[in-house]
Amino acid sequence: MFFILFCILPGVFSPVQAQNKEVLPVFILDPVEIHGRPLSDSEKRDFLRLVYNVRRTYPYAVMAKERMDLYNAMKAETSKKKDQRKYLKDEETAIRNDFLEDLKNMTRSQGAILIKLLARQTDTTAYFLLKDFRGSARAIAYQTVARLWGYNLKETYRPQDRDRDIEAIVQMIENGRLSTIAPNKAPALQPKRRR
């Protein structure tokens, strides 16, 4: 009787398979993720805050990777330093006009996550990106200011160790199970609200 119920319900199990002259039903289950012990309320709040922060900062890391790839392609085509500097200056101006206000409004934890996501996307640290694109002096200056604010631009991304929660969230975003929070395009051009 039990077996007949499962035969009647469509989509409950796949066709029956025979092994060693036995007929066994094969059930296909949805994948389940196991994350360890149950979380306390404060740990749940912290994790949900981390999810929000990764969703907010991930698009910027993806855009940085895309712009870096475009710059490297342009650099391979053009050997003139003058053209490369002009391209970098134009890109920096475009980034400032489009995203400066949005980046200024990020919290400290979002900034730290953005540094880690930049390291993940580009396979190098934010410090070495600055050093490559803006020079050693500016990279040292930015690192000094970052250290005063509690950041480290030389921080690497370790998905198997301390950054495993961030990696899990990024994997959910990349698999389409979680959406990102789209950045505000051209916030510098939008009128300011009066209070």
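What share of the contacts in the protein with a separation of 6 or more comes from residues 24 or more positions apart? The share is 68%. Keep in mind as you read that this is a predicted model.

**The overall layout**

Let's start with the whole chain. The protein has 195 residues, and buried ones make up 27% of them. Its secondary structure consists of seven helices and two strands.

**Two helices side by side**

Next, look at helix α2, residues 41-77, and helix α3, residues 81-104. Two packed helices are described by the angle between their axes and the distance between the axes. Here the axes of α2 and α3 come within 11 Å and cross at roughly 170 degrees. Angles over 145 degrees count as roughly antiparallel, so α2 is roughly antiparallel to α3.

Which residues make this contact? On the α2 side they are Arg-56, Tyr-60, Met-63, Arg-67, Leu-70, Tyr-71, Met-74 and Lys-75. On the α3 side, the contact residues include Tyr-87, Leu-88, Glu-91, Ile-95, Phe-99 and Leu-103. By class, the residues of the contact of α2 with α3 divide into 11 nonpolar, one polar and seven charged.

**The largest pocket**

Now turn to the largest pocket, which has a volume of about 1,600 Å³. Its lining is made of 35 residues, and those nearest its centre are Ile-95, Leu-103, Leu-114, Leu-118 and Leu-130. Ile-95 and Leu-103 also belong to the contact between α2 and α3.

Several elements give two or more residues to the lining: α2, α3, α4 (108-122), α5 (126-134) and α6 (136-148). Among these, α3 gives the most, with 10 residues. The table sets out the lining by class.

| Class of lining residue | Count in the largest pocket |
|---|---|
| Nonpolar | 25 residues |
| Polar | three residues |

**A residue to look at in the loop**

Finally, find Asp-123, which sits in the loop between α4 and α5. Asp-123 has a positive phi of about 60 degrees, although it is not a glycine. Is Asp-123 buried or exposed? Asp-123 has a relative accessible area of 70%, and exposed means over 50%, so Asp-123 is exposed.

How values were computed
Residues numbered from 1 in each chain as written. Predicted model: local features only at pLDDT ≥ 70, side-chain atom pairs only at ≥ 80, totals over all residues. Heavy atoms only, no water. Axes fitted to C-alpha atoms, helices over the stretch in contact; angles between N-to-C directions. Helix = DSSP H or I, 4+ residues; strand = E, 2+ residues; numbered from the N terminus. Parallel < 35°, antiparallel > 145°, perpendicular 65-115°, else oblique. Contact = heavy atoms within 4.5 Å. Nonpolar A, V, L, I, M, F, W, Y, C, P; charged D, E, K, R; others polar. 1 Å grid on protein atoms, 1.4 Å probe; cavity = no way out; pocket = protein on both sides within 12 Å on 5 of 7 lines; lining within 4 Å. Points joined across faces, edges and corners; volume = space filled by probe spheres on them. Buried < 20%, exposed > 50% of the residue type's maximum accessible area, 1.4 Å probe, protein only.
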